[in-house]
Amino acid sequence: MILDKLLDDIVCMTAAREHETLDAAMLAALCRLTHARHCVMLDLLHVKDQGFVQPRSWMSAHGQVQSVAAMQAEPKRLPIARYPVLAAWMRDKSGRLTEVAERGVYTLWLPVWLGDILAAAFRIDYIAPLDAATRPALDRLLQIYTNHRQLIDYSERDSLTGLLNRKTFDTRFARMACQVTAHEAAKNPAEEERRRHAGDESHWLAVVDIDHFKRINDRYGHLYGDEVLILIANILRASFRAQDRIFRFGGEEFVILLRSVTLASARRALERFRENVEHYSFPQVGRVTLSIGFTGIGNDSPVEILGHADQALYYAKQHGRNQVRFYDELVSSGALSHGLSNQTMELF
Ligand SMILES: Nc1nc2c(ncn2[C@@H]2O[C@H](COP(=O)(O)OP(=O)(O)OP(=O)(O)O)[C@@H](O)[C@H]2O)c(=O)[nH]1
């Protein structure tokens, strides 16, 4: 019986081609196998050598899997010290299934190890103790989950920085732009423009390019150039929210999708990131700066949106580098004319 259920769950999990679907299949499997009252997946974030814990997805009371990616608000991050089991795993760089019983409720913790990095954990709460066969079954299921997650990571991510790759950007951005276009179709473009400037929440796309990166490679060699790319990827991860998506677009270019924020917040986040890089001391290389162009994601096609952000980036490069430029503002001030320039990067 347990074998049948387990095989069904494995079929579901290994059919997943994206993290969200894999996480949902794993949560459903865990709830079914443990008859859980509550099941949540937590992400472990490593920020400046400190560990933080943040929910990623969970099973709702109605048996539906919900995910942070679909939420408007930033989920709460708590220091890892608030979770003694996770803190001990992180300190020891090892740990397996751990069951904790307290006042008639059992909590099972399952770690997701990627090498010696504790990347995530599942927490399951239930009231009847697990039978002897369930624990080893959960342990195997966790191994299958981790293996499949690594496979998805491998195809979605850039091997140098670990950020999402260009192929993933193409798929995700086309999907996101379609959703926004469908949502905005009923509105008139002038109203959408007014809404973005009026401080309403919207989605934004930013293109980031390291300044004079060729000089870094030429002066210090490609290995140091690669190190700069890895460190900038780390600063990017620490500078943006869980709902935002960060891609290495190729070479020394990165793309950020900022979700559901006002123009002022998007600008502030990008400025803060730019300053974080400017003030970081890169080993051997010293100071590195970057230029950023960004625009709103409205009714335009993905190619046009990328083209607009790239035009703003090009403007930043032409006007001193180390700055953030907003496409719509450049157009309304007359510094840029609306439409695709022939200096835009090669798209798709
Ligand atoms: N180390 C390293 N270098 C790379 C990688 N991908 C691309 N590059 C280098 O990135 C450099 C990009 O240089 P350019 O496009 O001329 O731009 P830039 O020197 O950054 O100048 P501006 O963008 O105008 O500020 C080239 O020297 C590429 O060889 C990589 O994965 N690792």
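The exercises below, each with a worked solution, concern a predicted model.

Residues are numbered from 1 along each chain as its sequence is written. Because the model is predicted, local features need pLDDT of at least 70 and side-chain atom pairs count only at pLDDT 80 or more, while totals for chains, interfaces and linings use all residues. Helices (H or I, at least four residues) and strands (E, at least two) are DSSP runs, numbered from the N terminus.

**Exercise 1. The sheet**

Task: Determine in which order the five strands form the open sheet, and which are the edge strands.

Solution. 
- Step 1. Two strands pair if DSSP finds at least two bridges between them.
- Step 2. The order is S9-S10-S8-S11-S12, with mixed pairing.
- Step 3. Strand S9 (245-250) and strand S12 (324-326) each pair on one side only, and are the edge strands.
- Step 4. From one strand to the next the twist averages 20°, where axes are lines fitted to C-alpha atoms, for helices over the stretch in contact, and angles run from 0 to 180 degrees between N-to-C directions.

**Exercise 2. Bridges between strands**

Task: State how many bridges join S9 to S10, S8 to S10 and S11 to S12, and which way each pair runs.

Solution. 
- Step 1. Strands of a sheet pair through backbone hydrogen bonds, either parallel or antiparallel.
- Step 2. S9 and S10 run antiparallel and are joined by five bridges; glycine 250 has glutamate 253 in S10 as its bridge partner. Their hairpin has two residues between the strands, and glycine 251 there takes a positive phi near 40°.
- Step 3. S8 and S10 also run antiparallel, with seven bridges; tryptophan 204 has leucine 258 of S10 as its partner.

**Exercise 3. The faces of helix H9**

Task: Explain why the span of helix H9 (residues 263-278) agrees with its 16 residues, and find where its buried residues fall.

Solution. 
- Step 1. The expected span is 1.5 Å times one less than the number of residues. For H9 this should be 22 Å, and the end C-alpha atoms are 22 Å apart, so the two agree.
- Step 2. A residue is buried if 20 or more other C-beta atoms lie within 10 Å of its own, exposed if 12 or fewer, and partly exposed in between, with C-beta atoms placed from the backbone. The buried residues of H9 are Leu263, Ala266, Ala269, Leu270, Phe273, Arg274 and Val277.
- Step 3. Seen down the axis, these residues fall within an arc of 135°, so they line one face of H9; the arc is that of the directions from the helix axis to the C-beta atoms.
- Step 4. On the other side of H9, Ala264 and Arg272 are exposed.

**Exercise 4. Tyrosine 314**

Task: Decide whether tyrosine 314 is buried or exposed.

Solution. 
- Step 1. Tyrosine 314 has its place in helix H10 (residues 302-318).
- Step 2. Because 20 other C-beta atoms lie within 10 Å, tyrosine 314 is buried.
- Step 3. Isoleucine 292 is 22 residues from tyrosine 314 along the chain, and their C-alpha atoms are separated by 8.7 Å.
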